[in-house]
2 protein chains.
Amino acid sequence: MPEYRQDPLSRRWVIIGSDRAGRPNEFVEATTRHTAQPCPFCAGHETETPPAIATYDAGLGGPWSVRVVPNKFPAVLAEEVPPFPGAALESQSEGHPLPGFGKHEVIIETPRHVASFSELTPAEATLVLRAYRDRLRILKADGRFRYVQIFKNVGAAAGASLEHVHSQLIALPGVPEVIRQELQSSLDFFQTRQKSLLESMIDSELDADLRVVAATSRYVAWCPAASRFPYETWLAPRFAQANFENGEDGELGELAGIARDVIDRIERATGVSTYNYYLHTAPFDRSAPEHYHWHFEIAPRLTKVAGFEWGTGCYINPCPPETAAAHLRGAANR
Amino acid sequence: MPEYRQDPLSRRWVIIGSDRAGRPNEFVEATTRHTAQPCPFCAGHETETPPAIATYDAGLGGPWSVRVVPNKFPAVLAEEVPPFPGAALESQSEGHPLPGFGKHEVIIETPRHVASFSELTPAEATLVLRAYRDRLRILKADGRFRYVQIFKNVGAAAGASLEHVHSQLIALPGVPEVIRQELQSSLDFFQTRQKSLLESMIDSELDADLRVVAATSRYVAWCPAASRFPYETWLAPRFAQANFENGEDGELGELAGIARDVIDRIERATGVSTYNYYLHTAPFDRSAPEHYHWHFEIAPRLTKVAGFEWGTGCYINPCPPETAAAHLRGAANR
């Protein structure tokens, strides 16, 4: 029997299906990769990207292990635009467009041509998270941005245009809608319960142990009850931390380990490697709000979004998260 | 220079790009169709679907022209579930799931094996719209539903699993989030201006004539200023009408004509035929609210949604709607 479920954090409703697996599908889709052109993200091709903003070295003998560069085809541009009040992006603008102020950067995660975060070495994966943290700290100190969206696209179905594993960030002058909703839900909950909403959700997941995928001393990964997508998995610290950039160096290795493990499990359980992940963290202009709780959302791209979802905002997920979590727990580690 | 723009109706922000067309793309995607199995929607295969709920005949000599059947693999189910208060789906439910009560139907738009609305005869296209209207009227009279989402998926990229042109509807016990936001924006606007927000938007589009694609005496199609997707096109009556099902028979032929024309233009201008459309209309429990204005949103699937959009709710659209509208206006009619 299908169910309607609501995610308490985003307040989104989903329909969790149970019996749509037998549906016919007349279409066969195939993705191939051009190999005629060399990859601009591989070692030795550094001149094909803009000059690096930062590089990180894992001491493995190469010129770099992680490399941060400006996006050559930015969606937003900081150049020649004066800063404007961040609040503008968060209210009704009466239809007046605003200049596309911002920054768009690429984090190249290894000099080797591999496609997924799960293929990074532990040292590389840890440096990627350090690069996220450092860019957040530096863009916060810049003073002109209110939010930085860090995200990753792996595979054509996830919107990637290049195969070589990389993340992106877009620094914005305002706080996006999804984050504002999460802040509001978290604040509402905190005001009545004196606790982080996400921490409360994690406690329930650990108690029920129906949807937990992996856990370490500091971090938990689980398939949320109101998953929008099959095998969607969230990863968060057990105890509320509002700002990702406030984390300490010593924690990043543990986080990198569980992130690699979870993505590896998703790839083994589903047989495909195409996913998005995105970091949700507190905006810059709040001093670590005690009600917010940063987390990564990992969304495999196994199904297509269709007209019902675009029309309503309500997602039909044919794979119950309890089923997905059981498969992910059973997927053997590399 | 990119721009941030906000849609007044959905209140969604988008980033309209201008210079991302040169981006490299390493991936080549190809979709093919299995032809081993016969199509269950073609004439002569009626026993492969559940029995028809309704059929329409254009007097062309066939057994039927449009055929409405229950979805064989429904996302929601009406069976054996008592009705529950519709308001439940519209509030915080404290994490309690609700049974997946509802109806899921398929509208088969022609007995011929064609793939797009633009390939229907004028008589068939008109009957499809009449089927929409009739199903809305009947499901409203049922009394257990508050909203019916009518939508279409064409092509694998739009989430279609069968090629034969069809629409779907899902009847819901509550009003979806996207519609509630549109109702709120429309009400806010109406209370200060005594006018429909969408009608005001249409008036501005007709005045500026930058983004209008087509117009008839009763209907207008335009690329909205804050389009989320390249070549996104909205189609609405010039003057506010809240409920699609209150329309008269005599209007449906004109609406079918402009809908076929617009979809044909999109297919010619972009060279591909893969799109979703969805009808936004007033919920059943309001007596034709004077502030709401039904419309179709047509969204071609030319680009992938990626991590930034999933993480923020803000869409990057690399094709300005002014450019899209110019191409659509120039696309010759069949």
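Q: Is Phe101(B) buried or exposed?
A: Phe101(B) counts as buried, because its relative accessibility is 0% and the cut-off for buried is under 20%. The model is a predicted one.

Q: What does the aromatic search give over the whole structure?
A: Over all chains, the search finds 29 aromatic pairs. Phe101(B) and Phe145(B) form one that is stacked, at 5.4 Å centre to centre with 10° between the planes.

Q: Which parts of chain B does that pair tie together?
A: Phe101(B) is in the loop between strand 6 (98-99) and strand 7 (103-108), and Phe145(B) is in the loop between helix 1 (122-142) and strand 8 (147-154), so the contact ties together parts of chain B that are 44 residues apart in sequence.

Q: And Phe145(B), buried or exposed?
A: Phe145(B) has 3% relative accessibility, so it counts as buried.

Q: Which residues do ring pairs link into a cluster in chain A?
A: The cluster consists of Phe117(A), Tyr132(A), Tyr219(A), Phe244(A), Tyr275(A), Tyr277(A), Trp294(A) and Phe296(A).

Q: Where does the charged end of Arg228(A) sit?
A: Over the ring of Tyr315(A), at 5.1 Å from the ring centre.

Q: What about Arg67(B), which ring face does it lie over?
A: Arg67(B) lies over the face of Trp64(B), with 5.8 Å to the ring centre.

Q: Switching to voids. How many cavities of 30 Å³ or more are there?
A: The structure has 8 of them. The volume of the largest cavity is about 120 Å³.

Q: Which residues line that largest cavity?
A: There are 13 lining residues, and those nearest the centre are Val175(A), Pro176(A), Glu177(A), Trp13(B) and Cys314(B). Two elements each give two or more residues to this lining: helix 2 (177-193) of chain A and helix 5 (307-312) of chain B.

Q: How does the lining split by class?
A: It has 8 nonpolar residues, 3 polar and 2 charged.

Q: Now chain A overall. How many helices and strands?
A: Chain A has 6 helices and 15 strands.

Q: What radius of gyration does chain A have, and what would a compact globule have?
A: Chain A has 20 Å, and a compact globule with 334 residues would have a value near 20 Å, so the two agree. The C-alpha trace of chain A spans about 55 × 45 × 45 Å along its principal axes.

Q: What share of chain A is buried?
A: Buried residues make up 60% of its 334 residues.

Q: Backbone next. What is the phi of Arg11(A)?
A: Phi is near 60°, which is positive in a residue other than glycine. Arg11(A) lies in the loop between strand 1 (3-6) and strand 2 (13-16) of chain A. Its relative accessibility is 26%, so Arg11(A) counts as partly exposed.

Q: And what is the phi of Asp209(A)?
A: Asp209(A), also not a glycine, has a positive phi of about 55°. Asp209(A) is in the loop between helix 3 (197-208) and strand 10 (212-215) of chain A. With a relative accessible area of 46%, Asp209(A) is partly exposed.

Q: Last one, back to chain B. Where is Arg33(B)?
A: Arg33(B) is in strand 3 (residues 27-33) of chain B. At 23% relative accessibility, Arg33(B) counts as partly exposed.

Q: How far apart are Arg33(B) and Val154(B)?
A: They are 121 residues apart in sequence and 13 Å apart in space, taken C-alpha to C-alpha.

Technical notes:
Residues numbered from 1 in each chain as written. Chains lettered and ligands numbered in written order. Predicted model: local features only at pLDDT ≥ 70, side-chain atom pairs only at ≥ 80, totals over all residues. Heavy atoms only, no water. 1 Å grid on protein atoms, 1.4 Å probe; cavity = no way out; pocket = protein on both sides within 12 Å on 5 of 7 lines; lining within 4 Å. Points joined across faces, edges and corners; volume = space filled by probe spheres on them. Helix = DSSP H or I, 4+ residues; strand = E, 2+ residues; numbered from the N terminus. Nonpolar A, V, L, I, M, F, W, Y, C, P; charged D, E, K, R; others polar. Phe/Tyr/Trp six-rings, centres within 6.5 Å; stacked < 30°, edge-to-face > 60°. Buried < 20%, exposed > 50% of the residue type's maximum accessible area, 1.4 Å probe, protein only. Lys NZ or Arg CZ within 6 Å of the ring centre and 35° of its normal. Rg over C-alpha atoms; globule rule 2.2 N^0.38 Å.
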